Amino acid sequence: MKFSAYALLKNALTGSVWPEQWSSPEPRASYDVVIVGAGGHGLATAYYLASEHGIRNVAVLEKGWLGGGNTGRNTTIIRSNYLWEESQKLYEHAVKLWEGLSQELNYNVMYSPRGVMMLAHTLHDVQSAKRHIHANRLGGIDNEWLTPEQAQAFCPILNVGPNIRYPVLGAALQRRGGTARHDAVAWGYARAASKRGVHIIQNCEVTGIRRAPSGEVIGVETGKGFIGAKRVGVVAAGHTSVLMGMADVRMPLESYPLQALVSEPVKPVMPCVVMSNTVHAYMSQSDKGELVIGAGTDAYTSYSQTGGLHISAHTLDAICELFPVVRRMKMLRNWGGIVDVTPDRSPIIGKTPVEGLFVNCGWGTGGFKATPGSGHVFAHTLATGEPYAINAPFTLDRFLTGRLIDEAAAAAVAH
Amino acid sequence: MSSAYRLPHATCIDYTKPLRFTFDGKSYQGFHGDTVASALLAQGVHLMGRSFKYHRPRGVMAAGAEEPNALLDVSRGGGRSVPNLRATQVELYDGLVVKSQNRFPSLRFDVGAINDLLAPLFGAGFYYKTFMGPRKAWAHLYEPVIRHAAGLGHAPSKPDPDTYANQFAHCDVLIVGGGAAGLAAALSAGRSGARVIVADEQAQWGGGLLAERGVEIDGQPVQAWLAQTVRALQAMPHVRLLSRTTAFGYFQQNFIGLVERLTDHLAHPPQGQPRERLWQVRAKRVILATGAIERPLVFSGNDRPGVMLAGAARQFLNRYGALVGKSVLVFTADDAAYQAAIDLAQAGATVMAIVDLRENPQGPGIEAARALSLPVLTSHVVIETFGRLRINAAALGRIGPDGDVTPVKIEQCDALLMSGGFTPSVHLFSQSRGKLHYDADRQIFVPGISAQQECSIGAAKGTFALQESVQEGFAAGAEAAEQAGFKSQTIAPSRVRHDVPSCAGFSGAVPRPKGQRAGKAFVDFQNDVKVTDIISATQEGFKSIEHVKRYTTTGMATDQGKTSNMNALAVAADALGRTIPDVGLTTFRMPYTPVTFGSIAGLARGDLFDPVRKTPIHGWAQHHGALFEDVGLWKRAHYFPQKGESLHQAVLRECRTVRSKAGLFDASTLGKIEIVGPDAAEFLNRLYTNAWSKLAVGRCRYGVMLNEQGFVMDDGVIGRLADERFHVTTTTTGAPRVLAHMEDYLQTEFPELDVWLTSTTEQWAVIAVQGPLARQILQPFVTDIDLSPDAMPHMSVRTGHICGVETRLFRVSFTGELGFEVNVPSGQGRMVWEALWAEAEKHGACAYGTEAMHVLRAEKGFIIVGQDTDGTVTPADLGMDWVIGQTKPDFVGKRSLVRADMRKADRPQFVGLQTHDPHFVPDEGAQVVAVAEPATGSAALGFVTSAYDSATLGRSIALALVANGRARKGETVYLTRLDGQALPATIVDPVFYDKEGARLHA
């Protein structure tokens, strides 16, 4: 059934039951493609396999509930103002898909290009911000420099006065950046993929990756038994290392807890997304009215989906400095997710040394924004066996060749 | 008594202290000890809020932290406003101003209530199914409307003037909850001598005991026992009682976050008193005595003002002397509600009926009610309620033997007290990662296996009878103290009489007549989630409880599902045809109740946000008009403007003066690490790219440090003071990172090396004296070092005395001029600086700041790590192959330098740029492109790393990283601008001045 205002009205008048948004089938014996991980990236991959490559004999296996990992735990920021050309192309590809995603999926993912403003607090920040702006403009990505006064005009509750420890010296603004409703992204892709015949199998943990004597992948062992596959794509964020280890592939990843929190809901007070890498604070306001705040990663690797109080405290220190009117607001909910961080803070999307085994991981602290683009290029890679032009640079072997795409070194921070 | 609903006896009210307050502009009276909720109820006011989505009129449902409906805004003016406070927790003070929220134009008449009529359209997740076209309409049309409709209260509009405190504490036993079980535990732990902290979120000690009357403990009336127990605890110096203190988070290693509210209840908070205090407590043992929360029953119209929890009605009566209604109907599945009926009846209310869902309830409560001739209807349910802004009647039905419900009658009432039994408050237990156990008999989750040094007692554990609760408290307190190393005494068991404990309960939608839809039967009151929403979510494929929660938003309101989670779970389980434990609860997350940002941030504001590091010469620079820049934690003098000078003018002057005469520069922020030990040189060999073994004592060398990827990470001059002692300098911001990097390698990779690393950054003040007259300026003060060029050549280090103070004197230059860096103990830094300054002034020298320093070094083509490098640059990229010790067997990063990509021809290389327009200073960060108007999406050749107006050269200069740049010298490239077309520049050598280095060898 197509979702629309008309459908809502009809349903309201007739009191009819909405159909299932996705089915919950039992697994087949084998599939053309098995995707491990039903987060946004994995579900998007399945969707594009079915919709663009005609590969519908696809299963997405999920150890818990779909969208329950980092897809449902992030601060929903979308932007493409990355430094390096390779990253710009990848994230801009995603932004272009975001712009039409609700219509494409017939599911309101609430993409809201309300502007992402990144603050500069030191002369070094100013240099870095301007470098990004110059690079983005050349790459055809909107990004503009704002004076402190202009920054405050764009976000009236921002404190640009001299009375804080690191006064705001200016900001880089990407107007097309914004937010989306994270759960809806997972659900929208799940519904659209399921409609096209993709099997989404929840509560089905992968416990092994089975390989033929000749080395290639032939399927996965799961809590529901062996499932055969011609190709396997691992899209498991913080648990990628564990899964890839089952195929004896050692990944250049470290997994850390990353925290976020929301305030109680209030009427609109924060019109845009503001990020500050120097003082470690990100904030926007959800449509429900909650201030959505991103904190940092713990200093140590861990698979625990909770982080230390001091990490949230450090972020709230910064939030209260930058937005002094929110100091009396209250933290409603705090949670953590496990992020998979590569040495150059850029993702790995492509082939692995094992025939038939593909991986999409390493999105670190910033994977949500890439969801549609990531799924789109990974679907191409799984369908053809070769990367799409956009993900060709994001190989696993770049850590051997040294062809890194180092967003962290350049920005010196999380993204 | 000014109201017919105010009674003269209550445990928490001081009737001698009447107070005035306003609610939505109307003045009311209450008493000291009241909450806003109790004071309004005592005036007969039930309507206190509007729900989130349908704007339905709502009254108070609960009496404590679990309240979902009565959310208010409290404002003291001047930035002191707080939205979304629960009326049940706001303590009254004289002059309190509270307002209702989420309504327009008034609470009684709210246009948003139109949503209630349109409710069929607004089922679970409706917004995912519409508002999709046209493409831009979401952001520009629908979203703004939805955003304004959503949200509850308003954020404050002014900065918060209050302060917040922060305290760390350790204790042997932390007890959360000051009810019967918690106090008993405190008593027995305290008597053992253990350091005990007891925290309770309420103003008064006693928890549920405060609402008890008639109960006796050890022959004493309950209130007397309570007062005596609290007095005993107050007399123990090692027991700390924290009231108005919520334990909101249970972290790893028995680390608990508490927030203590200090002034919100005061009419006139003392000046300077913090508003709240965050306690971060590490406890050897934790006892959770967090009680239980009563569940609402889920039936159509269960949200009408006047419908509330039976236990809440009893609390309002016995604690606050507020009668919630005069003709009350009780709807229950639990014995405890009978006690509420009895208490209200004895206080003068008419109990219209006690409607019991159960077929044949038995127990002392039921017998007592029958003894008082209260009408008890068993196997009955409420199937609907009536009334607009307050309940005025309810329709009752009888459950037949086959389970069918038949409507029987309509009963008038002005309050309906409901009880579905009690849900243990396992929030903190669950946060501690303890495993819950499902008690199938009573249909509740109780604490199972602990994950930390913790135990739950009393109602939090599902022990509802007072006698057992107190017993558990005594035992748990004693056991915890013993485990913490104290010898405990046995406390004689208590005897409790006349207690009516909760004994059963019901979760999920109550039975209704066949064919009747669940209607407006609310599960989550604040977020307006109905039974039908949960059922439809499950039908739409949301089969995980986490999906149900997210799709319907049940449990996601400001009360985080305290009253709704069990009912939501039961409804979902029923709809899915699965058992409750199979479906399972959603994860409990911190905080237990919302916590003010300010109390978590505490003192970290303004200059306390991050430590401010100042050099010993900071005061002098300030006195001499310096403006400062933030570099890491340091404040560095950026430039020293003379009267009327701009940054640009000051820097030109400072640069000219240094080149022509001399300048003094405060270099104290440079990182300094003392590396000592027999293997010191070998350690440096491995951490820096160049060779150190043969560096002579008394000489210095410029060192480059790489990360594992082979990229430049830090640089600095390293002097050898003795065979086994090096003085290492690092960049200002790199210092901590470099020391950590060194320690990491020393401890994990090279543990065999005999080396000690010590940060000495703050031990030394460093005064750079640079310029042709540098030697003349220093000479008069140095007694025991020969400064002559032959005796002390460029890149040497000597120890001796300056101004009578010991010094490590380096002859080094970051300006390209003859230069020295004078290291003296920090305490003497200012004295030496002032002596040198007096001499420097005689020679016409200046003090210069970091900006001039940047320009001077750029003229010489010296890099700044972090500005001219960005973590992707190798020594070869910088034209520094000479810094690589080619014959060394290994150093950190060496392996990576041989990777294919590190040897490509088109790697970025460090070059100079000469703009064709000498006045054009490109942006640092400008892209270097091949043509003036590059096509969008075309690749850059590189970027400008540094750019300045150079006084020395009388024109602009720039440094850049350009692909294969060294081979392109002489080529014209273009530099992008943000406000116009790219402008041309020629690629040149990065050394603009004194290429031969004659000046620094002077």
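Okay, so let's start with Arg6(B), which is buried, with a relative accessible area of 5%. By buried I mean under 20% relative accessible area, while exposed is over 50% and partly exposed is in between, using a 1.4 Å probe and protein chains only. Arg6(B) sits in the segment before strand 1 (14–23) of chain B. Strands here are DSSP runs of E with at least two residues, helices are runs of H or I with at least four, and both are numbered from the N terminus. And what does the side chain of Arg6(B) make a polar contact with? The side chain of Asp34(B), at 2.4 Å. A polar contact is a pair of N or O atoms within 3.5 Å; within protein, one has to be able to donate a hydrogen and the other to accept it, and residues adjacent in sequence count only if both atoms are side-chain atoms.

Quick housekeeping. This is a predicted model, where local features need pLDDT of at least 70 and side-chain atom pairs count only at pLDDT 80 or more, while totals for chains, interfaces and linings use all residues. Residues are numbered from 1 along each chain as its sequence is written, chains are lettered from A and ligands numbered from 1 in the order in which they are written, and side-chain values use heavy atoms, with hydrogens and water left out.

Now, the place where the two chains meet. On chain A, 109 residues are in contact with 119 residues of chain B, where contact means heavy atoms within 4.5 Å. The size of an interface is often given as the accessible area lost when the parts come together. Here the area buried between chain A and chain B is about 9,600 Å², and carbon and sulfur atoms give 58% of that. That buried area is the accessible area, with a 1.4 Å probe, that two parts lose on being put together, summed over both. Which three residues supply more than any other three of the area that chain A buries against chain B? They're Leu138(A), Arg165(A) and Arg328(A), with 11%.

How many salt bridges does the rule find across the interface of chain A and chain B? It finds 8, and the rule asks for a side-chain nitrogen of Lys or Arg within 4 Å of a carboxyl oxygen of Asp or Glu. One of them joins Arg131(A) to Asp870(B), with the closest N and O atoms 2.8 Å apart. There are also 49 residue pairs in polar contact across the interface of chain A and chain B, both at pLDDT 80 or more. Helix 5 (residues 123–138) of chain A gives the largest share of the side of chain A that touches chain B, namely 10 residues.

The chains share some strand pairing too. Strand 16 (residues 330–341) of chain A runs antiparallel to strand 32 (residues 595–596) of chain B, with 2 bridges joining them. Pairing needs at least two bridges found by DSSP. In this pair, Lys330(A) stands opposite Thr596(B).

Next up is Met110(A), in the loop between helix 4 (101–105) and strand 4 (116–120) of chain A. Met110(A) has 7% relative accessibility, so Met110(A) counts as buried. Leaving aside neighbours within four places in sequence, Met110(A) contacts residues of both chains, including Ser102(A), Asp287(A), Tyr127(B) and Trp138(B).

Let's go inside chain B. Strand 24 (residues 415–419) has 5 of its 5 residues buried, so this strand is largely enclosed by the rest of the structure. On one side you've got Ala415(B), Leu417(B) and Ser419(B), on the other Leu416(B) and Met418(B), and all are buried. Strand 24 of chain B runs parallel to strand 17 (residues 307–309) of chain B, joined by 3 bridges, and there Met308(B) stands opposite Leu417(B). Strand 18 (residues 327–332) of chain B also pairs with strand 24 in the parallel sense, over 5 bridges, and Leu329(B) stands opposite Leu416(B).

Most residues other than glycine have a negative phi, and most peptide bonds are trans. But Phe104(B) and Pro105(B) are joined by a cis peptide bond, omega about -5°. Gly133(B) to Pro134(B) is cis as well, with omega near -15°.

Then there's positive phi in residues that aren't glycine: Gln253(B) is near 50°, and Met795(B) is at about 65°. Are they buried or exposed? Gln253(B) counts as exposed, at 57% relative accessibility, whereas Met795(B) is buried, at 17%.
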